[in-house]
Amino acid sequence: MSKYIFVTGGVVSALGKGIAAAATGALLEAKGLKVTLQKLDPYINVDPGTLSPFQHGEVFVTDDGAETDLDLGHYERFTSIRTSQTNNYTTGKIYFNVITKERQGDYLGETVQVVPHITDEIKNAIKSASNGYDVVIVEIGGTIGDIESLPFLEAIRQFRYDVGRENVLYIHLTLIPYIKSAGEIKTKPTQHSVKEFREIGIQPDILLCRTERHLPSEIKKKIAIHCNLDIDAVISARDVETIYEVPIMLHNEGLDHLIDKKFNLDGKEPDLSIWEDIVRKIKEPEHEVNIAIVGKYTGLKDSYKSLYEALTHGGIANDARVNFQWIDSEEIRVNGPERYLNEADGILVPGGFGYRGIEGKVNAIQYAREKKIPFFGICLGMQCAVIEFARNICGLSANSTEFDISTQDPVIYLMERWYDFRKGRVEIRSESSQMGGTMRLGAYPCILEEGTNAFRAYGIKEISERHRHRYEFNNAYREILTRHGLKISGLSPDGELVEIIEIEAHPWFLGCQFHPEFKSRPTDPHPLFRAFIGASLSEKRSLFPYAGIDSEQKGKGI
């Protein structure tokens, strides 16, 4: 029988439930347990695929092509699991399943209601993720008090009776604010949040108290008394310098011992040495490098959450601190690239959709190419690199049909017929297809050309990477582009889909059609991010030979 941990949040949103759940998973894996995680989201969208990044942050994509909540990225970065569509359910998906069953007559004429039909569907979704795992950690989206969350909370209340009280644990993440003007730590918001939780019928077993300051024992005792908990079940979840320090912090606060006690586990001490090494490399790196990210959603960093973490992982692999410079591509379009990119050691253009900001991205790529600054283009970033090369090197009036349907030279276009290696069938699509139906989603194979930057980074011939895009490289322009110096270093196994492009006469210039950031982990940095940060460091050292060498070494003439 699997053990189930339900993670909920109170007081305010954005407290970090996803990181708390993922770090708990990391802590339990370090004890030798097999762990999986699941996110239950209260919004009515079937999935976040059509949500604006400004609304919901990035869309994380799994190997099986599910468009999911960004917290699944945290789950994969902190633990060894590879998530799938069973790891993320929304209210929309739950209701869609129930309505489909009702239309098929599965309920034999019953009146379909929230209880038991919706709650039973939620419980079935939870159980669908549990096969073969010792512990299933389920994060409930939203905040206690939200009307949208009530069916999920009722389902997890019932769950304890379905699988046995000894197999279920409730962790409630809450906020302990410090009122600066009064010089006091306030517990009342937490008390009210737990009170509302108990009114639903759930008594939390453990409180994770988000706080900027250390919680004195008398504060913990006060919280414990008012929330009907033992004092050791009130855990201080202080702000830390890096999220990868959270498993260590939770262990020091005794979270794993509380879980051992609740579930009657063997109490084995976790091996956190790998996390300690990661934290050391982040806090005390040997080098540093400046990376400019030229995008269109830079106002909300969660829009590029996996990208941010993957660049950090590339820094870990090179024992370097990555200094981020977030640049709105519209600003480059208006003011030119020089004022924004002249101090960048590397330039990255990420994915996105729509025409806004495209010309600024193209200008940034031209700057990187001409100034010989290491460049990394991802998805739309690769497509913009192809457009820039076609315009400024090949002399074409190039664009993508996504931005200009009547462009004279559509070097990027909507491929209407192609073989889907993941599904094992030919796909047909057009501009009139349903939005989700035109996407290439999930993991696809790619064959690398030996002797290229891509091959040197991966060290193997065949790779598999996750995609999320509609438009493709137009093979009608392959000959003219390659004749002028564009290198195609990665192709689908049938040679039809261009996956990676490079420019040979450049220190490091690479664009990929897929999203490598989705598969990067701090414990296993992605090869392309490792190589990009390494190249940026190398170019920095060639321009500034003393970069990264401390003053004592300089004095010795090193």
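Leaving aside its neighbours within four places in sequence, which residues is I206 in contact with? Here are some notes to read with the structure open; keep in mind that this is a predicted model.

1. I206 is in contact with L169, Y170, I171, H172, L229, A233, I235, L255, L258 and I259, once neighbours within four places in sequence are set aside.

2. Now zoom out to the core. The largest nonpolar core has 49 residues, and I206 is listed with I5, F78 and I137 as touching the most other members. Helix α1 (residues 17-29) gives this core its largest share, eight residues. As background, nonpolar side chains tend to be buried together in soluble globular proteins.

3. Next, have a look at N88, which sits in strand β5 (residues 88-90). Why does N88 count as buried? Because its relative accessibility is 6%, and the cut-off for buried is under 20%. Its side chain reaches the backbone oxygen of K39 at 3.0 Å. Beyond four places in sequence, N88 is also in contact with residues including Q38, D41, T68, D69, L72 and K93.

4. Last stop: S329, found in helix α13 (residues 329-335). S329 is buried, with a relative accessible area of 0%. Not counting residues up to four places away in sequence, S329 touches V294, G295, K296, G357, G360 and K361.

Key: Residues are numbered from 1 along each chain as its sequence is written. This is a predicted model: local features need pLDDT of at least 70, side-chain atom pairs count only at pLDDT 80 or more; totals for chains, interfaces and linings use all residues. Side-chain values use heavy atoms; hydrogens and water are left out. Helices (H or I, at least four residues) and strands (E, at least two) are DSSP runs, numbered from the N terminus. Buried means under 20% relative accessible area, exposed over 50%, partly exposed in between (1.4 Å probe, protein chains only). Contact means heavy atoms within 4.5 Å. A polar contact is a pair of N or O atoms within 3.5 Å; within protein, one must be able to donate a hydrogen and the other to accept it, and residues adjacent in sequence count only if both atoms are side-chain atoms. A nonpolar core is a set of buried Ala, Val, Leu, Ile, Met, Phe, Trp, Tyr and Cys residues joined through side-chain atoms within 4.5 Å.
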